[in-house]
Amino acid sequence: MNSRKTLSYPCIVENIINLASQGQLREAIDNLPLLLSKGVRLKSKTIAFLIHQCANQKSIRSGNLVCLHLKLSGRKRLNTFLFNHLIDMYAKCGDHVKAREIFDKMVDRNLFSWNTMLSGYSSLGMMKAAKSLFDRMPEEKDFVSWNAMMMGYVHSGWFDEAIKLYMELRKKDIGFNEYSFAGILTVCVKLKNLCLAKQLHCQVLVAGFLSNMVLSGSIMDAYAKCGQVSDAENLFIGMINRDVFAWTILMSAYSQAGYMRLALEVFYAMPQKNTTSWNVLIGGYSNNGMGNHAIKSFTEMIILGYEPDQFTYSSCLVACSIIASLELGRQLHSHVITSGFRLNKTGITSFHGTP
C-alpha cells in the first residue's frame with residue numbers, strides 16, 4: 001500500500017478526522033476498515049490524532065481497534081512518535097500493563113517516552129513503579145520528569161516524599177515551570193505548613209509566576225488554612241486578575257477566622273458566584289453558630305437557581321441542629337436521600353444529635 005493513495009480518498013480521511021474531532025470517536029473508528037478495503041494508509045500524524053482522541057475519551061476499545069488497523073495496514077514497525085501516543089493512551093485508559101509492554105518493546109526511546117510512561121504510573125498512583133522507572137531514567141531527566149513524580153506523590157498522599165523531591169529539584173540546574181510549584185502548594189494546604197508556604201510564595205514571586213491565578217490562589221489558600229488572614233488578604237489585594245477561586249478563598253479565610261461580616265462583604269462584591277461560593281458562605285455561618293443566617297442564605301441560593309451539593313446540605317443540617325429545627329432537618333435529610341447525595345459525618349451527626 002502506498003501513502004499516496006490517501007490523496008485518492010480525501011473525503012473518507014476527512015470524514016474520519018471530523019467525526020473524531022466532534023466526539024464521535026466510535027463512528028470514526030468504524031470507518032477504518034473502509035480505508036483498508038481501498039488500500040489507503042493513513043499518515044502517522046492522523047493515526048496519532050486518533051490515538052490521542054482515544055486517550056482523551058479513555059476508550060480502550062477504540063484504542064485497540066486503532067492498533068488492529070495499524071497491524072492490518074502493514075505497519076510492521078512503528079516510529080517513536082506513534083509508540084509514545086500508544087503509551088499515553090493505554091496509561092490514561094488505566095491499562096498500565098499494556099502501556100509498559102509497548103514501552104519495553106521500543107528500540108528508540110526519547111525523553112518523551114520515559115516521561116509519558118512515568119506520568120502514566122504517577123496518574124494511576126503506582127508510585128513504587130514510578131520511582132523505579134524514575135531511577136532508571138537517563139541523566140537527561142527534565143523538570144517534566146520531576147513534576148510527574150511530585151504530582152504522583154501528592155495525589156497518593158506521600159507528602160514528605162513530594163517535599164523531598166521538590167527540594168532536590170530546586171538544587172538542580174534543569175529549570176522548572178508552574179507545575180513544579182502547584183503540587184507542593186497542595187501539600188502546604190493539606191499540612192498547613194506555613195513556613196513552606198512562605199518559602200514557596202517567595203520562590204513563585206522570584207520566578208515570575210505570581211500572575212498565575214492557580215498558583216496565587218493556592219498560596220492564598222495555604223495562608224488561609226494556616227490562619228494567616230492578613231497574608232491572604234494582602235496577596236488578594238495585589239492580584240491584577242482575580243477569578244472565582246481567589247474571591248472564594250478570601251471569603252473562606254474570613255469565615256474561618258470568624259469574620260462573617262467581612263466574608264459577606266466579599267461574597268456580595270464577587271463579580272461571579274458558583275455553588276462553592278455559596279457553600280463557603282453557608283458553611284461559614286454554620287461553623288460560627290449562625291444557623292438562621294445559614295438557612296436564609298440557603299433559601300436565597302435556591303431562589304437564585306444555584307444547584308446545591310452534598311456540602312451545601314451538610315452545612316444546612318449543621319445549621320438545623322444549631323437552631324433546633326427538627327422538621328426542617330428532616331425535610332433536608334429526606335431530599336438528600338432522594339437526590340442520592342452522600343453527606344459527611346459532621347452533617348449527619350449534627351442532625352441526628354438535634355434534640
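Helices (H or I, at least four residues) and strands (E, at least two) are DSSP runs, numbered from the N terminus. By that assignment, Ser297 lies in helix H19, residues 291-303. The model is predicted: local features need pLDDT of at least 70, side-chain atom pairs count only at pLDDT 80 or more, and totals for chains, interfaces and linings use all residues. Residues are numbered from 1 along each chain as its sequence is written, and side-chain values use heavy atoms, with hydrogens and water left out.

Ser297 is buried, at 8% relative accessibility. Buried means under 20% relative accessible area, exposed over 50%, and partly exposed in between (1.4 Å probe, protein chains only). Ser297 touches Trp278, Leu281, Ile282 and Tyr285, leaving aside residues up to four places away in sequence. Contact here means heavy atoms within 4.5 Å.

Two helix pairs were examined. Axes are lines fitted to C-alpha atoms, for helices over the stretch in contact, and angles run from 0 to 180 degrees between N-to-C directions. The axes of H4 (residues 44-57) and H5 (residues 60-72) come within 9 Å and cross at roughly 160°. H4 is therefore roughly antiparallel to H5. Angles under 35 degrees count as roughly parallel, over 145 as roughly antiparallel, 65 to 115 as roughly perpendicular and the rest as oblique. The H4-H5 crossing is left-handed, that is, the near helix is turned anticlockwise from the far one by less than a right angle; clockwise would be right-handed. H4 contributes Ile47, Leu50, Ile51 and Cys54 to the contact, and H5 contributes Ser62, Gly63, Val66, His69 and Leu70. Of these residues, six are nonpolar, three polar and none charged. Ala, Val, Leu, Ile, Met, Phe, Trp, Tyr, Cys and Pro count as nonpolar, Asp, Glu, Lys and Arg as charged, and the others, Gly among them, as polar.

For H14 (residues 213-225) and H15 (residues 229-238), the axes come within 8 Å and cross at roughly 160°. This pair is therefore roughly antiparallel. The H14-H15 crossing is left-handed. Ser216, Ile219, Met220, Tyr223 and Ala224 of H14 meet Asp231, Ala232, Leu235 and Phe236 of H15. The contact comprises seven nonpolar residues, one polar and one charged.

A disulfide is a pair of cysteine sulfur atoms within 2.5 Å. The count is zero disulfides. The sulfur of Cys202 is 10 Å from the closest cysteine sulfur, in Cys195, too far for a bond. Cys202 is partly exposed, with a relative accessible area of 48%. Cys316 is also in no disulfide; the nearest cysteine sulfur, in Cys320, is 6.8 Å away. Cys316 is buried, with a relative accessible area of 0%.
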